[in-house]
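Visitor: I am new to this structure and would like to learn how to read a few of its features. Could we look at it together?

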Amino acid sequence: ELVETRGDEPPPDSRDDRRGASERRPSHDSPRHGPPDPGPRLALLDADGMLVAGSPEVPADAHAVPVELDGTRIGTLRLARMPEISRAVDLGFARAQLRTAVVAAAAVLVGALVLAFAFARRLLAPVRALAEATRALAAGDYARRVAVDRRDEFGELAADFNHLAAALEQHREARRHWGADIAHELRTPLAILRGEVQALQDGVRAAGAQAFDSLHAECERLGALIEDLYQLSLADAGALDYRFEAVDLELLVRDVVDPQRDALADVGLALEETFARTPRVRADARRIAQLVDNLLANARRYTQAPGRIRVALAPDGDDAALVVEDSAPGVPAEALPRLFDRLYRVDASRVRATGGAGLGLAICRAIVEAHDGRIEATPSALGGLRVAVHLPLAARPA
């Protein structure tokens, strides 16, 4: 059976296809997904400016790109600007994106501020503690310490600060003891002089040679103490006069030791010498002679008779080693590190009969350090004290 159709109507299949196509074509009011379609914004014109393809609504002031073939312009491609957002769905989406971006930015900002505040507190806490401790230290509170509870640079700085505070506290205590010891050492010969003079004035003691010898001895003792203090003050200020030159240390030590042999024998001390040929050292001969004399005087003062004092000289690598050691009595191990401190004596009571004021070894250390050498005290094989001095050899000519 034939179905009558009108000539101007498309076949049913065509209508169905168009209906399906129209149903599948997205509506202008429906939201789109993906990037915008640039088709309505494009227009292709020929060389005469006539529309060949694309949208006729593209304005004449749109961005134009020439189309050329073999160097000859055959047309123009125009691209219109993006249309402004005007649809409700698009505007809503843009507003939602803007709100989301604002909320995210605010959350990030708040989080960053919280983290920055916490980090700043942790970073500035040790700085504040160090600042407060520094002000306390400057005000004289040398017992102030900073807690070392970190292992970073601030922890190292806190440890260095504590070390500095401990050193300053130790120096303050040493200065207090230094003043008290100086007063004690000066008071003793002055009291003796005052007593001798008063005895002469009151007629208790006759003004004879023995009385004047006693007064002279106390004056010499007081003068030696003042000279030692002066030498140490010059050493602290770096004002000791040194004239360095190449010195024959063996000859210099012999010149100092030999004249004292008889004086040592008179008090029951035997002097032993062990000298090996030693290259010259760069030194001040006058100060080195003072060094050797102080070491011998210290050994003579504290060595019991009968006893021995041994002086040895030998090369030791790049140094010349000068050793002065004596027989009993020895020095306690805990006292060895302090022997070169000023006004320190093993005899804590500081009895005058034991000898000087405890400045001789301190002067020795100052002289050795000025010569870039080192000095150390250890127990002696003879039963007493061993003092070793190492002085650098003079540079040999090339």
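Predicted model: local features only at pLDDT ≥ 70, side-chain atom pairs only at ≥ 80, totals over all residues.

Visitor: With which residue does the side chain of Glu272 meet in a salt bridge?

Guide: Side chains of opposite charge can pair when their charged atoms come close. Here the side chain of Glu272 meets that of Arg310 in a salt bridge, at 3.2 Å from N to O. This pair links distant parts of the chain, since Arg310 lies in strand β8 and Glu272 in strand β6, 38 residues apart. Arg310 is partly exposed, with a relative accessible area of 23%.

Visitor: How many salt bridges does the structure hold?

Guide: The structure holds 14 salt bridges. One of them joins Glu196 and Arg205, at 2.2 Å from N to O; Glu196 is buried, with a relative accessible area of 13%, whereas Arg205 counts as partly exposed at 26%. There is also a network of salt bridges that links Asp248, Glu250, Arg254, Asp258, Arg261, Glu273 and Arg277.

Visitor: At what angle do helices α5 and α7 pack?

Guide: Helix α5, residues 249-257, and helix α7, residues 285-302, pack at an angle of about 50 degrees, with their axes 10 Å apart, and the two are therefore oblique to each other. The contact is made by residues including Leu252 and Val256 of α5 and Ile288 and Val292 of α7, and its residues divide into ten nonpolar, no polar and one charged.

How values were computed: Residues numbered from 1 in each chain as written. Heavy atoms only, no water. Axes fitted to C-alpha atoms, helices over the stretch in contact; angles between N-to-C directions. Helix = DSSP H or I, 4+ residues; strand = E, 2+ residues; numbered from the N terminus. Parallel < 35°, antiparallel > 145°, perpendicular 65-115°, else oblique. Contact = heavy atoms within 4.5 Å. Nonpolar A, V, L, I, M, F, W, Y, C, P; charged D, E, K, R; others polar. Salt bridge = Lys/Arg side-chain N within 4 Å of Asp/Glu carboxyl O. Buried < 20%, exposed > 50% of the residue type's maximum accessible area, 1.4 Å probe, protein only.
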